[in-house]
Amino acid sequence: MEIKRTRIVELLNNPQFGEIVCVKGWVRTRRGSKQVAFVALNDGSTIHSIQIVVDLAQFDEEYLKGITTGACIRVNGLLVESQGQGQSAEIQAEEIEIYGKADPATYPLQKKGHSLEFLREIAYLRPRTNTFGAIFRIRHHLAFAIHDYFNKQGFYYFHTPLITASDAEGAGSMFQVTTLDVDNPPRTETGKVDYSQDFFGSHSNLTVSGQLEGELGAMALGGIYTFGPTFRAENSNTPRHLAEFWMIEPEIAFYDINDNMNLAEDFLKYVISYALEHCKDDIEFLNKMYDNELIERLNFVLKNKFVRLTYTEGVEILEKSGKKFEFPVYWGADLQSEHERYLVEDHFNCPVILTDYPKEIKSFYMKQNDDGKTVRGMDVLFPKIGEIIGGSEREADYDKLMNRVNELNMSLDSLWWYIDTRKFGTAPHAGFGLGFERLVLFITGMTNIRDVIPFPRTPKNAEF
Ligand code: ATP
Ligand code: MN
C-alpha cells in the first residue's frame with residue numbers, strides 16, 4: 001500500500017492514533033522475544049526514536065533477519081498509544097521493507113557509548129548517533145536563527161569571496177590557491193615564482209575573513225553580514241581551532257564601538273534563546289549525557305548583562321589575582337584562553353567584553369584611540385570557550401589608517417581598494433566576527449570543536 005511518509009518528529013508531536021502511517025529510517029536497536037520484536041527507528045528528525053512493534057508470526061522469518069542496527073527500513077503500520085514509559089506513540093508493523101542492510105559483523109556503530117574520539121575516526125557515520133544528530137540539528141537551527149536575527153535588523157546578507165589576493169589581514173596563515181605546477185613553476189628573471197602566470201594572475205589565497213570586503217558592503221548598504229567559510233592554516237592543535245570554520249561577520253555603517261558591543265550582546269542572547277526554544281529536546285539530551293550545567297549556563301548568559309571593561313583593567317585584575325598562569329600576563333601581552341577564562345569563570349562569573357587593546361596585538365584597521373597606545377577593539381569572552389567574538393570600531397580616517405599601514409610596512413598592492421573607502425565618502429563604522437563553531441560549542445556543551453562541524457579540517461586531517 002502506498003502511503004506518504006511521515007517524519008517521526010511529527011508523529012510524536014501530534015500523534016493521530018488509529019491511523020495507518022508510513023515511516024522510514026535507520027534501526028537503532030532491536031530487541032524482543034520469540035513472538036515479538038521491538039525496533040527503535042530513528043529518521044534524524046528528532047532525538048527520539050519511535051518504537052516499531054513487530055508480531056513475528058505475521059512476517060517471513062528470514063526477511064526479518066535483515067533488521068539489525070544500522071539497517072534502513074520502511075514500515076507501514078497502525079499508530080497506537082504506547083504502553084511503554086517515556087514514549088507517546090508506537091507503530092504496530094503491518095508491512096516492512098528493508099532498503100539497506102547493515103551487516104552486524106562490519107557496521108561500526110554497534111555498541112552504545114562509543115567515545116567521541118572513536119566517533120571522530122568514523123565521521124562519515126557519526127551523524128547516525130543520537131549525540132551527533134542532536135548537535136547537527138542544533139547547528140542548523142542556529143544558522144537559521146542567525147539569518148533571522150540580521151534580517152529582522154535590516155542587515156543584508158553580503159557574499160564575500162573565498163578566494164582573495166589580499167593577504168594583508170594578518171589574522172593567521174593562509175592556504176595558497178594555485179594552478180601552477182608546484183614541482184616546476186614558471187620563474188621570473190630573478191628566480192622567483194612568476195604568479196602573473198598563475199590562474200588569477202597574482203598570488204592568491206583562501207580567505208581568513210570576509211571583513212575587508214564586508215566593509216565595502218557596509219559603505220553602500222548600511223548594514224551587512226557575511227556567513228561563510230573561512231580558512232586558517234594555523235598549526236594550532238587546540239580544541240577551539242579548525243583550519244576551515246564558518247564565520248559570521250556583521251559590518252555596520254554609523255556604528256561606534258558601543259553600538260557594536262550592544263549588537264554583539266543582543267545577537268548572542270537572541271540566538272541562545274532561539275536554540276533553547278527550538279532545540280529543547282536536543283539540548284536536554286546533551287545536558288543529560290555530557291554537561292549537567294549546560295541549560296543552567298545558557299540561561300545564565302541570557303539573564304545577565306555582560307561585564308564590560310578595558311584590556312588595561314583586565315590585565316590589572318589578572319596581575320593582582322595571584323594565580324599562576326602558564327603564559328605570563330603583563331600589559332601588552334596577547335591574552336590566552338586561560339586568562340580569558342579566569343576573568344569570565346573565576347573573577348566575574350559572567351560573560352565579559354574587553355575593549356581598548358594595545359595596538360601592537362591587534363589588526364591595522366582598528367580605530368586608534370587618542371592615547372596613541374590602544375585601539376578600539378573588543379573581544380567577547382564566554383565561559384568554557386574564551387574568545388567567541390572579536391571585533392572593533394574601524395579606523396575611518398584616511399591619514400590615520402595610512403600611518404598605521406606605513407608603520408607596519410604593509411604593501412598597498414593588494415589593499416589599495418580598502419584604503420580608497422576612506423577617501424570616498426568614509427563613515428564611522430564597526431563590526432565583528434563570530435566563529436560559528438565556537439557558538440555551537442557553547443550551545444551544545446561540547447568541549448572539542450571537532451565535534452560540532454560534520455567534517456572537521458585540522459592539521460593532518462582532511463578525511464571524508
Ligand atoms: P583566537 O585568538 O582564539 O585564535 P583570533 O583572535 O584569531 O582567535 P579573530 O581573527 O578575531 O580570532 O576571528 C574572529 C572569531 O573567529 C574569533 O573570535 C573566533 O570565534 C573565531 N575563530 C578564529 N580562529 C578560529 C579557528 N581557527 N577555528 C574556529 N574559530 C576561529
Ligand atoms: Mn587565531
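Modeller: The model is predicted, and I shall take strand E15, residues 386-393, as the part to examine. Six of its eight residues are buried, so the strand is largely enclosed by the rest of the structure; buried here means under 20% relative accessible area.

Consider its partners in turn. Strand E14, residues 374-382, pairs with E15 in the antiparallel sense through six bridges, and one bridge links Gly377 to Ser392 of E15. E14 and E15 form a hairpin, with three residues between them. In that turn, Lys384 has a positive phi of about 70°. E15 is also joined to strand E16, residues 429-435, by five bridges, and these two strands run antiparallel. Here Gly390 has Gly433 in E16 as its bridge partner.

Among the residues that come nearest to the ligand are Glu387 and Ile388, together with Glu234, His241 and Leu242. The side chain of Glu387 places an N or O atom 2.7 Å from an oxygen atom of ligand 1. For Ile388, a polar backbone atom lies 2.8 Å from an oxygen atom of the ligand. The protein buries 81% of the 580 Å² that ligand 1 exposes when taken alone. By class, the 15 residues around the ligand comprise six nonpolar, four polar and five charged residues.

Notes
Residues are numbered from 1 along each chain as its sequence is written. Chains are lettered from A and ligands numbered from 1 in the order in which they are written. This is a predicted model: local features need pLDDT of at least 70, side-chain atom pairs count only at pLDDT 80 or more; totals for chains, interfaces and linings use all residues. Side-chain values use heavy atoms; hydrogens and water are left out. Buried means under 20% relative accessible area, exposed over 50%, partly exposed in between (1.4 Å probe, protein chains only). Helices (H or I, at least four residues) and strands (E, at least two) are DSSP runs, numbered from the N terminus. Two strands pair if DSSP finds at least two bridges between them. A residue is near a molecule or strand if one of its heavy atoms lies within 4 Å of it. A polar contact is a pair of N or O atoms within 3.5 Å; within protein, one must be able to donate a hydrogen and the other to accept it, and residues adjacent in sequence count only if both atoms are side-chain atoms. Accessible areas come from the Shrake-Rupley method with a 1.4 Å probe; for residues, only the protein chains shown count as cover. Ala, Val, Leu, Ile, Met, Phe, Trp, Tyr, Cys and Pro count as nonpolar, Asp, Glu, Lys and Arg as charged, and the others, Gly among them, as polar.
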